[in-house]
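User: I'd like to go through this model piece by piece, with the cut-offs spelled out. Can you take my questions as they come?

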Amino acid sequence: MPRRQSDITVPDLTGKRAVVTGASDGMGVGIAARLAAAGAEVVLPVRNQRKGEAALASIREAAPDAAVSLRELDLSSLASVADLGKSLRAEDRPIHLLINNAGVMTPPERQVTVDGFELQFGTNHLGHFALVGQLMPLLRAGNARVTSQVSIAANQNGINWDDLNWERSYDGGRAYSQSKIAFGLFGLELGRRSRAHGWGITSNLSHPGIAPTNLLAARPEVGRTTDTTAVKLIRWLSARGILVGTVESAKLPALYAATSPDAATERFYGPSGPGHLGGPPAEQKLYGRLRSHEDAQRVWQISEDLTGVRISA
């Protein structure tokens, strides 16, 4: 029996400017395409220009009138993040939607960013933290909604406070969990600080469940030359409609969190199927590891110290 595909209605976004990280393939390009089809002007900051051009072409093929453009961004480089921030601030146009979707997952060996941070912590969390800081004037001008994509891994393991960069011992899965827990704590704290200081920004979280995306596929740039056993199993289950989602369904929680009039600040959205692995998006109970305001404040201060980017009123 064929799987019944889930979907949501994306409201009219005419006149809105959206920025989507990680939109050169997979869920990200699907999210960007839906925003563009709804009338938003979509900016795609990409690391790989060739993949970015292919994403641009696919969006324009699906929505010929789409207003979509590429920018350069390598989230594993604070200098690259600063350059993007500078160029977008120079354009002086408000940003109404920011979807922090990009990520890297479980390199087989420990790697570091150009700034010396463990790759997953540096890319998934610190890079996005710095990006939000660089774009703050534009986000405030647009009364933006910021949606940060976490993972079911944020419900596992914890933050390695004494060795954030995993220099003493490296565990790729635990380091990935740390990056997503820190990122989720930051996203929630951004919403709280915006309310406290009148920044006008709403900030919420989403997670895609489990789907056959490229995160666990062969990624030579992170030292993975072949597909993992996990992604092969996920593809098999997804193709048969068993438990997990599809690339199409996986993009829906972030889309809902970013665009639905019913989605609110400091809330968490993900698939509503069994185990929250697939199915249509809905609000979910916040993971226990994301509930501590003290941990969120600690992550915020550490992130400012490590990146040199201050986010303040």
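User: Where does E266 lie?

Analyst: Quick ground rules: this is a predicted model, where local features need pLDDT of at least 70, side-chain atom pairs count only at pLDDT 80 or more, and totals for chains, interfaces and linings use all residues. Residues are numbered from 1 along each chain as its sequence is written, and side-chain values use heavy atoms, with hydrogens and water left out. Helices (H or I, at least four residues) and strands (E, at least two) are DSSP runs, numbered from the N terminus. On that basis, E266 lies in the loop between α8 (252–259) and β7 (268–271).

User: What is the phi of E266, roughly?

Analyst: Most residues other than glycine have a negative phi. E266 isn't a glycine, yet its phi is positive, at about 60°.

User: Is E266 buried or exposed?

Analyst: Here buried means under 20% relative accessible area, exposed means over 50%, and partly exposed is in between (1.4 Å probe, protein chains only). E266 has a relative accessible area of 18%, so it counts as buried.

User: N157 has a positive phi too; which class of accessibility does it fall in?

Analyst: N157 is also not a glycine, and its phi is about 60°. Its place is in the loop between β5 (145–149) and α5 (172–197). Its relative accessibility is 31%, so N157 counts as partly exposed.

User: Which residues does F186 touch?

Analyst: Contact means heavy atoms within 4.5 Å. Leaving out residues up to four places away in sequence, the partners of F186 are H125, F129, V132, W300 and I311.

User: How many residues are in the other core?

Analyst: That core lies apart from the one F186 belongs to. Among its members are V20, A38, V42 and V68, and its size is 29 residues.

User: How many salt bridges does a search of the whole structure find?

Analyst: Side chains of opposite charge can pair when their charged atoms come close. A salt bridge here is a side-chain nitrogen of Lys or Arg within 4 Å of a carboxyl oxygen of Asp or Glu. With that rule, the search gives 13.

User: What about K51: which residue does its side chain meet in a salt bridge?

Analyst: K51 is in helix α2 (residues 49–62), and its partner is 26 residues away in the loop between β1 and α1 (26–37). K51 is partly exposed at 23%. The N to O distance is 2.8 Å, and the partner is D25.

User: Which residues do salt bridges with shared partners join into one network?

Analyst: E304 and R310 meet in a salt bridge at 3.5 Å, N to O, with E304 buried at 8% and R310 partly exposed at 49%. As for the network built through shared partners, its members are R17, E41, R71, E91 and R93.

Key. A nonpolar core is a set of buried Ala, Val, Leu, Ile, Met, Phe, Trp, Tyr and Cys residues joined through side-chain atoms within 4.5 Å.
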